[in-house]
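Colleague: I'd like to learn how to read a helix and its packing from a model. Can you walk me through one?

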Amino acid sequence: MMNNFVFMANNKEINKRPIIEKAIVSDKMTLVEKFQNKTLRPIIKMKHELLIAYFNNYLAIQKFDFNDLSEINRIEFIDQAFSKDSQFRNEIKGMIVGNFTLDEFEIHKNFIRESNKRILTMVKERILSTLTS
């Protein structure tokens, strides 16, 4: 099944996702790269507001005043959340995986470690670009 990775364009869930023009898919790409560009990137973009709200809630639960930090300290705090807090990471992954179709989940579970790493990296970059500078 992994070699015949097909995105069903008529699937209602997939049709709700934004189209990302820069998310190019070619035959030269690995399956993981195709999955990232056709599935992960659109889902993460679609869930942007939820991810930011979730991170802001995380700050509130941690009783952390993010606004008083310098940009360097904000980046450091975000890095720490993504590297040290396993519950936080698992909830982020769950928000994204929960938007997969069954076919996408079948692909994801075949390279779960790499897929999860890509999810966390992309979400972290999105949070960093939104909440710093």
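Colleague: What should the 14 residues of helix 4 span, at 1.5 Å a residue?

Modeller: The expected span is 1.5 Å times one less than the number of residues. For helix 4 that gives 20 Å, and its end C-alpha atoms are 20 Å apart, which agrees. Helices here are DSSP runs (H or I, at least four residues), numbered from the N terminus. This is a predicted model, where local features need pLDDT of at least 70, side-chain atom pairs count only at pLDDT 80 or more, and totals for chains, interfaces and linings use all residues. Residues are numbered from 1 along each chain as its sequence is written, and side-chain values use heavy atoms, leaving out hydrogens and water.

Colleague: Which residues of helix 4 are buried?

Modeller: Buried means under 20% relative accessible area, exposed over 50%, partly exposed in between (1.4 Å probe, protein chains only). R74, F77, I78, A81 and F82 are the buried ones. They cover an arc of only 130 degrees around the axis, so they sit on the same side of helix 4; the arc is taken from the directions from the helix axis to the C-beta atoms. Exposed I72 and K84 are on the face turned away from that side.

Colleague: What do the buried residues of helix 4 pack against?

Modeller: Helix 3, helix 5 and helix 7, with contact meaning heavy atoms within 4.5 Å.

Colleague: And how do helix 3 and helix 4 cross?

Modeller: Two packed helices are described by the angle and the distance between their axes. Here the axes come within 13 Å and cross at roughly 95 degrees. Helix 3 and helix 4 are therefore roughly perpendicular (65 to 115 degrees). F55, Y58 and L59 of helix 3 meet F77, I78 and A81 of helix 4. Axes are lines fitted to C-alpha atoms, for helices over the stretch in contact, with angles from 0 to 180 degrees between N-to-C directions.

Conventions: Helix = DSSP H or I, 4+ residues; strand = E, 2+ residues; numbered from the N terminus. Parallel < 35°, antiparallel > 145°, perpendicular 65-115°, else oblique.
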